[in-house]
Amino acid sequence: MGDYLVTGGAGFIGSHLVENLLKVGKKVICIDNLDDFYDPAIKRTNISEALLNPNFRFIEADIRDTNFLKEDLSSKDIDIIIHLAALAGVRASIQNPLLYADVNIKGTINMLELAKDLQVRHFVFASSSSVYGDNKKIPFSENDTVDNPVSPYGATKKTCEILCYTYHRLYDIPVTCLRYFTVYGPRQRPEMAIHKFTRMIDRDEPIPVYGDGESLRDYTYIDDAIDGTIKAIKNPFGYEIFNIGESRTVKLKDLISLIEDVLGKKAVIERLPMQLGDVSITYADITKSKKMLGYNPQVAIEDGIKRFVKWYKGEKD
């Protein structure tokens with residue numbers, strides 16, 4: 001068996017996945033360019049323990065660098081590629097769509113080319129619930145039409161899913177696309193709502209709330225997301241798409257109340273209008289993931305927030 005290549009492996013989901021793979025004795029190569037979308041020092045901390053494992057190799061590199069991919073990786077014994085690396089964030093993609101297209105689409109083509117050249121056993125691609133846009137059919141199913149994303153970020157993820165299918169069809173590469181629904185937990189990116197709200201409430205800073213607080217999100221705890229990812233890695237089907245969510249919606253105002261209760265502090269709320277790219281609801285239908293992967297999320301939002309705040313307080317101290 002060859003190595004597992006994880007792109008974006010120093011990030012939030014990636015570092016948890018790397019640790020899980022190492023725990024079961026896999027050899028892991030991690031590629032991450034440690035970009036400054038948020039503090040690179042956080043990403044270095046994310047993989048600090050993995051760096052002590054002899055089965056782990058970290059490479060600081062950019063997935064758009066075709067010369068690096070050909071020169072450094074083309075001769076490696078890589079069995080499975082888990083492609084998590086991307087520029088994330090709906091609002092930032094509206095401000096800089098060309099960069100998002102360059103990183104997310106070109107980078108994915110480069111990784112698919114590598115998968116083709118290495119004849120990997122499985123290519124797993126991290127997609128997003130953002131591909132559903134402002135979907136009117138609830139909950140969101142993998143069979144729904146996703147031709148109307150409402151942000152450049154969502155559009156790049158949809159484009160990458162199509163490219164994944166094309167490479168599967170042309171070169172018979174087994175490909176799985178995972179549509180993650182608002183993953184949270186320890187190491188969550190600092191600009192994401194749960195992390196940002198927890199930090200700002202703790203510091204007695206006003207938190208920005210866009211809209212009336214009635215918007216609904218399907219929040220997925222990191223342990224459940226990793227469990228679904230591992231199950232997907234182990235079960236290539238040809239070409240398949242799976243939702244990775246909790247299949248439960250939580251109102252924004254209720255999420256804030258949960259954080260307040262766990263922190264023991266009240267939030268100071270700054271009301272702001274809805275922003276471009278925002279949607280009113282995300283809600284995963286996980287029937288297919290349960291049936292084909294055996295995916296079964298276990299961590300309810302109430303418990304997940306408690307676990308996150310416990311981690312946050314430890315990091316702060």
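Modeller: Start with contact, which means heavy atoms within 4.5 Å. Leaving aside neighbours within four places in sequence, Ala 92 is in contact with Phe 37 and Tyr 100.

Biologist: What kind of model is this, and how are residues numbered?

Modeller: This is a predicted model, in which local features need pLDDT of at least 70 and side-chain atom pairs count only at pLDDT 80 or more, while totals for chains, interfaces and linings use all residues. Residues are numbered from 1 along each chain as its sequence is written, and side-chain values use heavy atoms, with hydrogens and water left out.

Biologist: How many helices and strands does the protein chain have?

Modeller: Helices (H or I, at least four residues) and strands (E, at least two) are DSSP runs, numbered from the N terminus. The protein chain has eleven helices and 13 strands. Ala 92, for example, lies in helix α4, residues 90-95.

Biologist: What share of the residues counts as buried?

Modeller: Of the 317 residues of the protein chain, 56% count as buried. As for contacts with a separation of 6 or more, residues 24 or more positions apart account for 83% of them.

Biologist: What radius of gyration would a compact globule of 317 residues have?

Modeller: The radius of gyration is taken over C-alpha atoms, and the globule rule is 2.2 Å times the number of residues to the power 0.38. For 317 residues a compact globule would have a value near 20 Å, and the protein chain has 19 Å, which agrees. The C-alpha trace spans about 55 × 45 × 40 Å along its principal axes.

Biologist: Where do nonpolar side chains tend to be in soluble globular proteins?

Modeller: In such proteins, they tend to be buried together. A nonpolar core is a set of buried Ala, Val, Leu, Ile, Met, Phe, Trp, Tyr and Cys residues joined through side-chain atoms within 4.5 Å. The largest one here has 62 residues, and those with the most contacts inside it are Leu 17, Ile 82, Tyr 180, Leu 255 and Ile 305. A second, separate core of 29 residues includes Ile 29, Ile 59, Ala 115 and Leu 163.

Biologist: Which residues does Ile 305 touch?

Modeller: Not counting residues up to four places away in sequence, Ile 305 touches Tyr 184, Ile 194, Leu 255, Leu 258, Ile 259 and Val 262. Asp 261 is 44 residues from Ile 305 in sequence and 9.8 Å from it in space, C-alpha to C-alpha. Asp 261 sits in helix α9, residues 252-263, and counts as exposed because its relative accessibility is 63%.

Biologist: Is Ile 244 buried or exposed?

Modeller: Ile 244 has 0% relative accessibility and therefore counts as buried. Its place is in strand β11. Beyond four places in sequence, Ile 244 touches residues including Leu 178, Tyr 180, Phe 181 and Tyr 295.

Biologist: Where is Val 120 found?

Modeller: Val 120 is in the loop between α5 (97-118) and β5, and it is buried, with a relative accessible area of 7%. With neighbours within four places set aside, its contacts include Ile 78, Ala 115 and Pro 174.

Biologist: Which residues have a backbone angle to look at?

Modeller: One case is the peptide bond joining Ile 138 and Pro 139, which is cis, with omega about -10°. Pro 139 is found in the loop between β5 (122-128) and α6 (152-171). Another case is Leu 34, where phi is near 50°, a positive value in a residue other than glycine. Leu 34 is in the loop between β2 (28-32) and α2 (40-46), and at 7% relative accessibility it counts as buried. Ser 247 also has a positive phi, about 60°, and is not a glycine. Ser 247 lies in the loop between β11 (239-244) and β12 (250-251), and at 27% relative accessibility it counts as partly exposed.

Definitions and conventions:
Buried means under 20% relative accessible area, exposed over 50%, partly exposed in between (1.4 Å probe, protein chains only).
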